[in-house]
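Student: I would like to go through this one with you. Show me the sequence and the fold, please.

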Amino acid sequence: MFMILIKLFTSPTCPACPKAKEVLKKLVEVCDDIKLDEIYVNTDEGLREALKYGVNAVPTIVINDRYVMVGVPD
């Protein structure tokens, strides 16, 4: 089975991040082949990961280490 890995970059002060997380959690509930990792950019590890992908705003979604989307998905 092909696994889709979604990385959601968030910050505790971001007003849009909870909505992005909510939308992606609903997606994970209906799709067995999706794994969601939430990465907090306010931690050292999260900041390193964000720099790796060129993340400069939150929420940012990275899918399978390639596709980057900024903002809240519909």
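Predicted model: local features only at pLDDT ≥ 70, side-chain atom pairs only at ≥ 80, totals over all residues.

Student: What makes up the protein chain, and in which pattern?

Tutor: The protein chain has 2 helices and 4 strands. Along the sequence they run β-α-β-α-β-β.

Student: Why is the size of the protein chain in agreement with a compact globule?

Tutor: For 74 residues, the globule rule gives a radius of gyration near 11 Å. The protein chain has 12 Å, so the value agrees. Its C-alpha atoms fill a box of roughly 30 × 25 × 15 Å along the principal axes.

Student: How many of the residues are buried?

Tutor: The cut-off is under 20% relative accessible area. Buried residues make up 30% of the 74 in the protein chain.

Student: How do you know what span to expect of α1?

Tutor: Helix α1 covers residues 17-30, which is 14 residues. The expected span is 1.5 Å times one less than that number.

Student: Which residues of α1 are buried, and why are they said to line one face?

Tutor: Cys17, Ala20, Val23 and Leu24 are buried. Down the axis of α1, these buried residues fall within an arc of 130°, so they line one face. An α-helix has 3.6 residues a turn, so residues three or four places apart point the same way.

Student: What covers that buried side, and what sits on the face turned away?

Tutor: The cover includes β1 (4-10), β2 (34-40) and β3 (60-63). The face turned away carries Pro18, Glu29 and Val30, which are exposed; the cut-off there is over 50%.

Conventions. Residues numbered from 1 in each chain as written. Heavy atoms only, no water. Buried < 20%, exposed > 50% of the residue type's maximum accessible area, 1.4 Å probe, protein only. Arc of directions from axis to C-beta. Contact = heavy atoms within 4.5 Å. Rg over C-alpha atoms; globule rule 2.2 N^0.38 Å.
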